[in-house]
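Please read the following note with the sequence and the structure open side by side. Each point may be checked against the coordinates in turn.

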Amino acid sequence: MFGIQTQLFEAQDVRFGPIDHETHPEIESRWTHDEEFTRLMELKPVRPLSPAMVKKQYETIEKDMDEQKNLFYFTILARDEDRLIGKALIEWVDWSSGNGFIRIGIGEPEFRSKGYGSQALGLLLRYAFGELNLYRVTAVMPAYNEGALRLFQKFGFVEEVRRRKAMHRDGEFWDIVSFGLLNAEWRKSDWAQG
Amino acid sequence: MKSLYRGSLVRLASVQPDLLAKSLLKWDRDSEAQRLGDFMPVQLQSEKKIKEYLEKREENNTSYRFSILTLAGDVFIGFTSLWVNDWNLGEAWLGIFIGERDYWGKGYGTDAMRLIVQYGFMELNLRRISLGLHAFNERALKSYLKVGFRVEGRERGVFLRDGVRYDDLVMGLLREEWLEIQNETNTGNASKP
């Protein structure tokens, strides 16, 4: 079982960290030039961002974390060299009902599909349920994001909503799928056994 | 072309922030009404605050808000809105609130729904319209089904009030489904003598 002694921000090969305003804008700017990645992460129109634009986004994120109190943002670092490989966040937290929306992405191509995202999701869920005490979390993604569908299913998420043909890209239509996981379901799963 | 703003019981009209703020001040006291429509904790706001919020909202091109007035007597009974989060998706989220209880369950809301859905598809050229509701709001569910919306999912236990957990429903209406309904209604009318 997890306890106060169990590190919240450390997994076997990855750790959570804060934003580094000096080195991260350059790296994330590179990710935004990879449309395959951004089209998996974003429902909004994607566009390449300069390091300066990313820097501005980071400032907005930290301002929101400070003032709105409903956003929790982490960078995902490979433990080896503390190298930035992705991001994980809980947003639009509704404190009265205990729901939050989670999002996770591995921006560095060579770290995809190797279990890093899975370890990061494990950390994010423990934070959502063990630290924020949320009742449930929701994850929304286009149906073509098969990697994400598999990952969330692996963690016991249940498909709850399917907005038919809500995604329109490359002249094709896709459903937007929304998954839910209850704190109680997570607690009973192997993922909560530490 | 059919009238964009006139239905059989109600018409859609512009929002006048000072008038709407005055009505909201009255409607907000009805916590049952507020809780049926709201997803965030309900609260009581000053007329000034509501007015400022409404004025700010009128300035952007992501929300389209209308007052709902009865055709008989021009009574201001509520309002309805479409929010476009992402224009690239051709999707809007619909909200409707009937503050005057005397007009609940008599088809006024459904008539207003038909008008704003028509506005979404025929003026904004949306591909689909989405909406969310609390699963216990049966009157709303019945009305949305009547207009053609289909239930697309159920968020388990996402709404907690008075110590009870409730599901929320998400519904959707696709443009082609709505056109099909218009077609049926029109031919239905045409076949009657």
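1. Basis of the note. This is a predicted model, in which local features need pLDDT of at least 70, side-chain atom pairs count only at pLDDT 80 or more, and totals for chains, interfaces and linings use all residues. Residues are numbered from 1 along each chain as its sequence is written, while chains are lettered from A and ligands numbered from 1 in the order in which they are written.

2. The contact between the chains. Chain B contributes 22 residues and chain A contributes 23 residues; two residues are in contact if their C-beta atoms, placed from the backbone, lie within 7 Å. On the side of chain B that touches chain A, strand 5 (128-134), strand 6 (150-161) and strand 7 (164-174) of chain B each supply at least two residues. Strand 6 of chain B gives the largest share of that side, nine residues. Helices (H or I, at least four residues) and strands (E, at least two) are DSSP runs, numbered from the N terminus.

3. The side of chain B that touches chain A has eight nonpolar, six polar and eight charged residues. Here Ala, Val, Leu, Ile, Met, Phe, Trp, Tyr, Cys and Pro count as nonpolar, Asp, Glu, Lys and Arg as charged, and the others, Gly among them, as polar.

4. Helices 1 and 3 of chain A. Helix 1 (residues 24-32) of chain A packs against helix 3 (residues 51-67) of chain A at an angle of about 110 degrees, and their axes are 8 Å apart. Axes are lines fitted to C-alpha atoms, for helices over the stretch in contact, and angles run from 0 to 180 degrees between N-to-C directions. Helix 1 of chain A and helix 3 of chain A are therefore roughly perpendicular; angles under 35 degrees count as roughly parallel, over 145 as roughly antiparallel, 65 to 115 as roughly perpendicular and the rest as oblique. From helix 1 of chain A, A:Pro25, A:Glu26, A:Glu28 and A:Ser29 meet A:Pro51, A:Val54, A:Lys55 and A:Tyr58 of helix 3 of chain A.

5. Helices 4 and 5 of chain B. Helix 4 (residues 108-122) of chain B and helix 5 (residues 138-147) of chain B pack at about 45 degrees, with axes 10 Å apart. This angle makes helix 4 of chain B oblique to helix 5 of chain B. Their contact includes B:Met113 of helix 4 of chain B and B:Val147 of helix 5 of chain B.

6. Strand 2 (residues 72-78) of chain A pairs with strand 3 (residues 83-94) of chain A in the antiparallel sense over seven bridges; two strands pair if DSSP finds at least two bridges between them. A:Leu77 has A:Leu84 as its bridge partner in strand 3 of chain A. Strand 3 of chain A is also joined by seven bridges to strand 4 (residues 99-106) of chain A, and these two run antiparallel. Their hairpin has four residues between the strands, and A:Gly98 in the turn has a positive phi of about 80 degrees.

7. Strands 6 and 7 of chain A. Strand 6 (residues 158-169) of chain A and strand 7 (residues 172-182) of chain A run antiparallel and are joined by eight bridges. A:Val161 stands opposite A:Ser178 of strand 7 of chain A.

8. One residue. Is A:Leu40 buried or partly exposed? A:Leu40 counts as partly exposed, because 19 C-beta neighbours lie inside 10 Å; a residue is buried if 20 or more other C-beta atoms lie within 10 Å of its own, exposed if 12 or fewer, and partly exposed in between, with C-beta atoms placed from the backbone. A:Leu40 lies in helix 2 (residues 35-41) of chain A.
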